[in-house]
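Here is a short tour to read beside your model. Have the sequence and the 3D view open, and take the topics in any order you like.

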Amino acid sequence: MLAGRLDVSTGTFAVEEIAEPHAGPGQVRIAVKAAGVCLSDVHLIQGVIKPLLLPGDSVTLGHETAGVIDEIGDGVTGLTVGQRVLLQAGEERDGVVWTRGVDYDGGWAEFAVATAGTVVPLPDSLPFEQACFIPDAVSTPWAAIVETARVAPARPVGVWGVGGLGAHAVQLLRVIGAAPVIAIDPLPAARERALAFGADLALDPADPVFATRVKEATRGRGLSYAFDFAGVAPVREQAAATMARGGRLILVGLTDQPLTITQGTHFSYLKQQILGHYGSQPEHVLELLDLVAGGRVEFSRSVSGALRLADAAEAVRRLDAKEGDPIRLVLVP
Ligand SMILES: [Zn+2]
């Protein structure tokens, strides 16, 4: 079968022919129908992120996978051949979280094997292209909003970076009743998209009266929650400076640049908080499928393009170059 493989020792990525995997005990195999291309895949290829648990040197990429079950291993109950499913982006083994497409083979392939407990049935109405990226591209902002930040309704929220994750954050904040939702992005097209996705206001971070605009939009209070989806150091300083009393800055985008709070006394006086966030739990994916089934959200606008699996390297290039400012490019075997 074809698979998009990364050799982590040399940093070489290629779509190549490898042996088809089969479902072992407790596993199912799916015929992959769609797999998302995430910025962390780009970072893996560039060597910015290294797999921590991968046995050996090479892995099939792809932690966002949907398809149809085509083989069932011994001891698996409650799943059937022909069922439409998505795969959770990882699994716990002996108390350690392994990430699909990083620490073990992922979904950039014609077939993918998964532990039965990581397989989630899909509603018939949800296309594979719109389902595959729910684990991660939607579940990560959802977990940041409901679990890490615990966003309360009718409170002002800022979203820095309206790309793959931030665009979903805007939609989800709207669903849970955050108000106003203020999107911040240097790209005019991203700001327009944020407004179309439900933001009340979209600002350029370089706007000379940025802080005033936020104050005006929040009745002078500032933001109760500021989400950094960009992982850029100046974003964090700008976000921290616009927070309300008790405001929370949630760091979702990743960077190893130092975190600076210029007005530390002010920060303490207002009892503000900075919270790190990473990934999501399996139940967040189930909650999102409930929201989709209930008509609260839909992700048709999130599919920025579909490419053949054989063209995976081109998809990676386009995402890295932000060509067309994609939310999600999807690979179709
Ligand atoms: Zn990802």
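What follows covers the zinc site, the nonpolar cores and one hairpin.

This is a predicted model, in which local features need pLDDT of at least 70 and side-chain atom pairs count only at pLDDT 80 or more, while totals for chains, interfaces and linings use all residues. Residues are numbered from 1 along each chain as its sequence is written, and side-chain values use heavy atoms, leaving out hydrogens and water.

**Zinc site**
- Cys38 (SG), His63 (NE2) and Asp136 (OD) coordinate the zinc ion at 1.7 to 2.1 Å.
- Donors here are N, O and S atoms within 2.8 Å of the metal (3.2 Å for Na, K and Ca); water is not among the atoms, so sites may look incomplete.
- The donor spacing in sequence is C-x24-H-x72-D.
- His63 and Asp136 are both buried (under 20% relative accessible area, 1.4 Å probe, protein chains only).

**Nonpolar cores**
- A nonpolar core is a set of buried Ala, Val, Leu, Ile, Met, Phe, Trp, Tyr and Cys residues joined through side-chain atoms within 4.5 Å.
- The largest has 48 residues, of which Ile134, Val151, Leu173 and Phe227 touch the most other members.
- Helix α3 gives the largest share of this core, 6 residues (helices are DSSP runs of H or I, at least four residues; strands are runs of E, at least two).
- Beyond its neighbours within four places in sequence, Leu173 has contacts (heavy atoms within 4.5 Å) that include Ile145, Val159 and Phe227.
- A separate core of 32 residues includes Phe13 and Trp108.

**Hairpin**
- Strands β7 (residues 90-93) and β8 (residues 96-99) pair in the antiparallel sense over 4 bridges (pairing needs at least two DSSP bridges).
- Arg93 sits opposite Val96 in β8.
- Between these strands are 2 residues, and Asp94 takes a positive phi near 50°.

Note on methods
Buried < 20%, exposed > 50% of the residue type's maximum accessible area, 1.4 Å probe, protein only.
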